[in-house]
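Hello,

Here is the structure we talked about, with the sequence beside it. Please open it first and then read my notes below.

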Amino acid sequence: MTDQPPVLSTGSLSRRMIGIAALWISLLLLGGGLALDRVLSDAVTRNFDDGLNYVLTAMIASAEIGPDGEVLFNRPLADQRFLEPNSGLYYQISAKGHKDWRSRSLWDRALKSPADHQDRNFHVYDSKQFPGEDLRVMERTIILPGSNTRWMFMVAAARAGLDDQIKTLRSTLFQSFALLALGLIALTTLQTLYGLRPLRRVRKEIVRMRAGEKSRVTEPMPSEVLPMVEELNALLAHNETQAEEARTHAGNLAHALKTPLTVIMNAATAQAPDLGDTVIREATTMRRQVDHHLARARAVGRRGAAQSRAEVWSSLQAVERAVRRLYPDARIDMDGDKTVEARAERQDLDEMLGNLVENAAKYGGGSVFATVSRNGPMVEILVEDDGAGIPEAERTRIFDRGVRLDSGKPGTGLGLAIVRDVAEIYGGSVTMEESEDLGGLLVRLRLPAA
């Protein structure tokens, strides 16, 4: 038993599909999560800044210049955290040449502003000037009525509340997106396993065919898998046809050899005086039978080769040179398309053309004319002679093995049978007609074009 070559595996198709989907889902959710985190964090920060803006605007609206040139509030600020030391909400009003006016919540600390820094509009930034307490500071430079001094209004709030909100937001986003990713990957896994289920069904069908339970894949399949199943069934049918042809050829060969062998054994048993001649004659017949069936077997083996192609004109030239040496008195002319190629092996094409041209030279009147042309998907090769031709009633029977209409010339009657069998194996045909130009026989050989 011949060892089968190992089939290499490129990994699991299911794992590959699930892995690619999981990677893509993770990348998309990561990108979407980062974008959403930025949008929501900015929204929370803006909301926090709006609160500072509201407080700073209220401070500016209630501020006025006192009798000593200092800033006073004409009404107290509503937020009581300004009165509680280290409450996390602070304000400070400062100007050059004036004492800073700070909220009681600052206690003994002061807010620091960059030197010579002035903002006509609201300016917000983060500050780490207090150890252990990050601040969010908003400031604006104002000139109050009745004063030419530029006053720096500052309000600051601890970032702890803002950071806690962002942390909670990010935690919620991470948990939600992680759960969504797991759900999508699980859905992809189920979809992949369900989508590849028909392939597992095909495998089970093949196992049943190997066990002899059935000969074809008959289970209904999705439209995406159906072409593969149809090709598989076609391959099985092709193999069965080849096996049946092999059995038929073996039987035909055995039957063809049985009669010559019987003749030889009878002559040998009877010790016939012409035993030598009988052996030579019957051995020649057996050799021709073996050549015929070998030609069919070669053509059957090569029929499935999609790359088979042969130049018709080159093959016809080679045959013409060989036949001219056998029949030097015959005139062989050729014409037609010199570029066409037939979907057949060169050796088989040579054998078919050789039989046709040789028969035309042997049984014709001395003139042979071969024409090559392309007719749609087929290549047509016409071989004409100026002989007596073949009656229409005999044109079908002449292709049978061993049939000869002219027994006065050497031959076994297998040449045309070989041409017909090999042509049909390649999907072609061979027919006989009357030649209008030469008056003899016209043989039309049709083969698929390459």
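**Helix packing**

Helix H6 (residues 312–326) packs against helix H7 (residues 346–363) at an angle of about 45°, and their axes are 9 Å apart. The crossing in which H6 passes H7 is right-handed. Please keep in mind that this is a predicted model.

Two packed helices are described by the angle between their axes and the distance between the axes. A second pair can be read in that way. Helix H1 (residues 13–62) and helix H2 (residues 160–195) pack with their axes 9 Å apart, at an angle of about 160°. That angle makes H1 roughly antiparallel to H2, because angles over 145 degrees are put in that class. The crossing of H1 and H2 is right-handed. Sorted by class, the residues in the contact of H1 with H2 are 20 nonpolar, nine polar and two charged.

There is also a database record to compare with this region. In an unreviewed UniProt entry, the annotation "transmembrane region" covers residues 173–196. In the model, the chain over residues 173–196 is 96% helix and 0% strand.

**Aromatic rings**

The structure holds five aromatic pairs. One of them is formed by Tyr91 and Trp101, whose ring centres are 6.2 Å apart and whose planes stand at 85°, so the pair is edge-to-face. The cut-off behind that word is a plane angle over 60 degrees. This pair links distant parts of the chain: Tyr91 is in strand E3 (residues 89–94) and Trp101 is in strand E4 (residues 101–102), ten residues apart.

Are these two residues buried or exposed? Tyr91 has 9% relative accessibility and therefore counts as buried. Trp101 has 27% relative accessibility and counts as partly exposed. The cut-offs are under 20% for buried and over 50% for exposed, with partly exposed in between.

Which residues do ring pairs link into a cluster? They are Phe73, Phe82, Tyr91 and Trp101.

**Loops with a positive phi**

Most residues other than glycine have a negative phi. Two residues in this model are worth a look for that reason.

- Asn86 has a phi near 55°, a positive value in a residue other than glycine. Asn86 is placed in the loop between strand E2 (71–73) and E3. With a relative accessible area of 48%, Asn86 is partly exposed.
- Trp107 is not a glycine either, yet its phi is positive, at about 60°. The loop between E4 and strand E5 (123–130) is where Trp107 is found. Trp107 has a relative accessible area of 56%, so Trp107 is exposed.

**Residues apart in sequence**

Lys96 has its place in the loop between E3 and E4. Its relative accessible area is 81%, so Lys96 is exposed. Lys96 and Arg150 are 54 residues apart along the chain, and their C-alpha atoms are separated by 7.9 Å.

Thr259 lies in helix H4 (residues 226–269). At 49% relative accessibility, Thr259 counts as partly exposed. How far apart are Thr259 and Met286 in sequence and in space? The two are 27 residues apart in sequence, and from C-alpha to C-alpha they are 9.4 Å apart in space.

Val279 is part of helix H5 (residues 275–302). With 33% relative accessibility, Val279 counts as partly exposed. From Val279 to Pro260 there are 19 residues in sequence and 8.6 Å in space, again C-alpha to C-alpha.

Regards

Technical notes: Residues are numbered from 1 along each chain as its sequence is written. This is a predicted model: local features need pLDDT of at least 70, side-chain atom pairs count only at pLDDT 80 or more; totals for chains, interfaces and linings use all residues. Side-chain values use heavy atoms; hydrogens and water are left out. Axes are lines fitted to C-alpha atoms, for helices over the stretch in contact, and angles run from 0 to 180 degrees between N-to-C directions. Helices (H or I, at least four residues) and strands (E, at least two) are DSSP runs, numbered from the N terminus. Angles under 35 degrees count as roughly parallel, over 145 as roughly antiparallel, 65 to 115 as roughly perpendicular and the rest as oblique. A crossing is left-handed if the near helix is turned anticlockwise from the far one by less than a right angle, and right-handed if clockwise. Ala, Val, Leu, Ile, Met, Phe, Trp, Tyr, Cys and Pro count as nonpolar, Asp, Glu, Lys and Arg as charged, and the others, Gly among them, as polar. UniProt positions are given in the numbering used here, feature names are shortened, and annotations may be inferred rather than shown by experiment. Rings of Phe, Tyr and Trp (its six-membered ring) pair if their centres lie within 6.5 Å; planes under 30 degrees apart count as stacked, over 60 as edge-to-face and the rest as tilted. Buried means under 20% relative accessible area, exposed over 50%, partly exposed in between (1.4 Å probe, protein chains only).
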